[in-house]
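Me: I've got a model open and I'd like to learn how to read its features one by one. Could you walk me through it?

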Amino acid sequence: MAYGGGSGGGPAIRVLNVAEKPSVAKAVAGILSKNQGGFRVRDGRSRYNKIFEFNYTINRQPCHMSFTSVTGHLMELDFDDRFRKWHSCDPLDLYHAPVRKYVPEDKSDIRRTLEEQARNCQWLILWLDCDREGENIAFEVIEVCTQVNRNLNVWRARFSALIDREIHHSVQNLVRANQLFADAVDVRQEIDLRIGASFTRFQTMLLRDAFVIDFATDDRNLVLSYGPCQFPTLGFIVERYWEIQSHEPEEFWTINCTHNSDEGTATFNWMRGHLFDYTCAAIIYEMCMQEPTATVTNVRQQEKYKYPPYPLSTIELEKRASRYFRMSSEHTMKVAEDLYQAGFISYPRTETDCFSENTDLRTIVSEQERHPLWGSYAQLLVNPEAGLWRNPGSGGHDDKAHPPIHPTRFSAGESGWSQDHHRLYELVVRHFLACVSQPAKGAETTVEIDIAGELSSASGRVILSKNYLEVYRFESWGGSMIPTYTFGQQFTPTTLTLDSGVTRPPPLLCEADLLTCMDKAGIGTDATMHDHIKKLLDRYYATKDATTRFSPTNLGEALVMGYDDMGYELWKPYLRAMMECDMKAVSLGTKRKTEVLETCLQQMKACFIDARANKGKLFEAMAIFFERSNRFSGNEHTTGGDVVRRCGLCHESDMVLKQKPDGNFMVGCLGFPQCRNVVWLPGSISQAVVTHDTCGICAPGPVFKIQFKFRWLEIPPNYSADHLGCIGGCDDTLRQLGEICGTGSRNVSGIP
């Protein structure tokens, strides 16, 4: 690699280095400055993001390094101001409303630090996390820095562990940032913003004030959020719950046989499994009882192997921590991030479950030889005479960015670690040692017998070599001895019984099951799955019990039921899985960013229009679980379907049909309280519904007509109780009834 800007000696160049977190900046600066007498530290504009300064040489080029950081994303994506308020527009408009990426106020100090440092530098080296999200943050940093210094030479450091050899190798082998990875995240952010905001506004404004949602302490501020990954994840939980609810226990019968001998007891299982027809089972059992002699028809002995796990990916780490320690996926990732930033394990967000040929696996094992618990096993592993070593298997996944999770630094336990830090470090080390070990070896014997033509079998296993199971204490391979049998041998069973049982429903999904469902369906990524699960719990769409099993709440079940009744599978994983597939295609360069955005948003816009047209299904589903409410908020409308026209006063927001708590109707501006434009309707209206018919007279249009139903005792006999009217000013009938019956306003202003 040839670096521009004076490689091969010469005066020192100024280099701005930017990491994703302050702790990473300090760790990398510490490693690079170790042989230079350490770093100097000074404050940046943000008190949390210090600047570390030291000298270093990159490929014989002397450099004066300034090392600072951001805190995750530097920028946010949001709608233009006109569309940001919930009532500023029809939620459907959010599929094409302008969006912009900007540095929010709480990150402005970090931006100023970057600008000040970038002005005086020749190079910018990006030390963001090496995944798609990190690449997107890298381009946010590039945008801020190149706005003040267009001549910056921009480089990307790629690393997987905060350890000396990895960091030094990375800085001597800099590459360019990957625009395609950043584009994929841009696509995901825009799709999630548009879909999430439109559906969240739609279902919140439709349902929040219509029902008494009992779990909310302040349900006036309740948000019924919709997320394109969150809802399919909820769908898995609800689907399993429905499966359990709909299960009808069914009785079955099976024939069990045992045989005691001097060597022990063998339990033989009926090879038919079980029968649901009692009469059939009873007839077969009677036949066996009449000829109860058992004849051995087959004795099979074979070697069996239990193979060690594949190298550790993020999903597997989360699933195993959940099973072994009942740690939530969110907490697991937080602890793993702590261990990574302290240099004890490699980067914890990876899809890769195979090691490259260049990885020095034996050195990683050797570093663990001093450990009091697994050190002796590590010594055996690297001893060729022990024959315990085996090159690790491959799970078939490689994200080309990071290796599988593995230990990067020895520790017998640190003073500041919690119990979960100890547990997770132990899991990572033991898993790594297991995956470079020989499989466990056993001898299995299977005996088949015949009683009156009915076949049964028994199995026994003897473990010959535990191998990887010696170190991987989280797994076992149970073995049980059975007596010795020979082909043709006959014996009388000790017991021969006809036993009954009932079918049982599957259990609720545990966190490991849920992660498996999400992984198979392509919902989220290894870096985001735990976030989607947490959001379900935070939004009270689901609960998790002490055994980490999930149940939907009434609210979660009602929302899924409503969308399910519409016939539109918004809670199923297929739509999101296709989107994730398209985003991956963008990151690989096989699809263009604009093409994927257009396709996905068109598809989801059609879903939104359908959902809104079938909003009654959501109402019906909610009514099963929650009581109706009579509340009404003067500055809210229920759904975009109630829009009557654009406001002629502020020219920014829509005018929508609303019903007040006293039952009277009005058409008011969504820009309330900034805009107080209102049309009060006759007080004799019992029902009013906005239609799709538009007025051909009133301008500017469109002005949607309203189907009114009047209380006939309150209007003169020469007026019809049903009237399709316009509030634009052309409707004489509506104006006359307003004058005759009065309107819902405090002072009668009435129809224009």
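Predicted model: local features only at pLDDT ≥ 70, side-chain atom pairs only at ≥ 80, totals over all residues.

Me: What kind of peptide bond joins Ala699 and Pro700?

Reply: For that you look at omega. Here omega is about -10°, and the bond joining Ala699 and Pro700 is cis.

Me: Is Arg326 buried or exposed?

Reply: Exposed, because its relative accessibility is 54% and the cut-off for that class is over 50%. There's another non-glycine with positive phi: Asn467, at about 45°. You'll find Asn467 in the loop between strand 14 (454-465) and strand 15 (490-491).

Me: On to helix packing. How do the axes of helix 4 and helix 6 cross?

Reply: Read the distance and the angle as a pair. Helix 4 (residues 132-148) and helix 6 (residues 179-207) have axes that come within 8 Å and cross at roughly 95°. Angles of 65 to 115 degrees count as roughly perpendicular, so that's the label for helix 4 and helix 6. On the helix 4 side, the contact residues include Arg132, Glu135 and Phe139, and helix 6 brings Phe181, Val185 and Arg188, among others. By class, this contact of helix 4 with helix 6 divides into 5 nonpolar, 3 polar and 5 charged residues.

Me: And what about helix 14 and helix 15?

Reply: The axes of helix 14 (residues 511-521) and helix 15 (residues 529-538) come within 11 Å, crossing at roughly 120°. These two helices are therefore oblique to each other, and the crossing is right-handed. Helix 14 contributes Glu511, Leu514, Leu515, Met518 and Asp519, while Met529, His532 and Ile533 come from helix 15. That makes 5 nonpolar, 1 polar and 2 charged residues.

Me: Last one: how many residues are in the largest nonpolar core?

Reply: It has 68, and Leu32, Ile58, Phe67, Ile125, Trp127, Leu424 and Leu433 have the most contacts inside it. Helix 13 (residues 419-435) gives the most to this core, with 9 residues. Another core, of 58 residues, lies apart from it and includes Leu92, Tyr226, Leu514 and Met579.

Key. Residues numbered from 1 in each chain as written. Heavy atoms only, no water. Axes fitted to C-alpha atoms, helices over the stretch in contact; angles between N-to-C directions. Helix = DSSP H or I, 4+ residues; strand = E, 2+ residues; numbered from the N terminus. Parallel < 35°, antiparallel > 145°, perpendicular 65-115°, else oblique. Left-handed = near helix turned anticlockwise from the far one by under 90°. Contact = heavy atoms within 4.5 Å. Nonpolar A, V, L, I, M, F, W, Y, C, P; charged D, E, K, R; others polar. Core = buried A, V, L, I, M, F, W, Y, C linked by side-chain atoms within 4.5 Å. Buried < 20%, exposed > 50% of the residue type's maximum accessible area, 1.4 Å probe, protein only.
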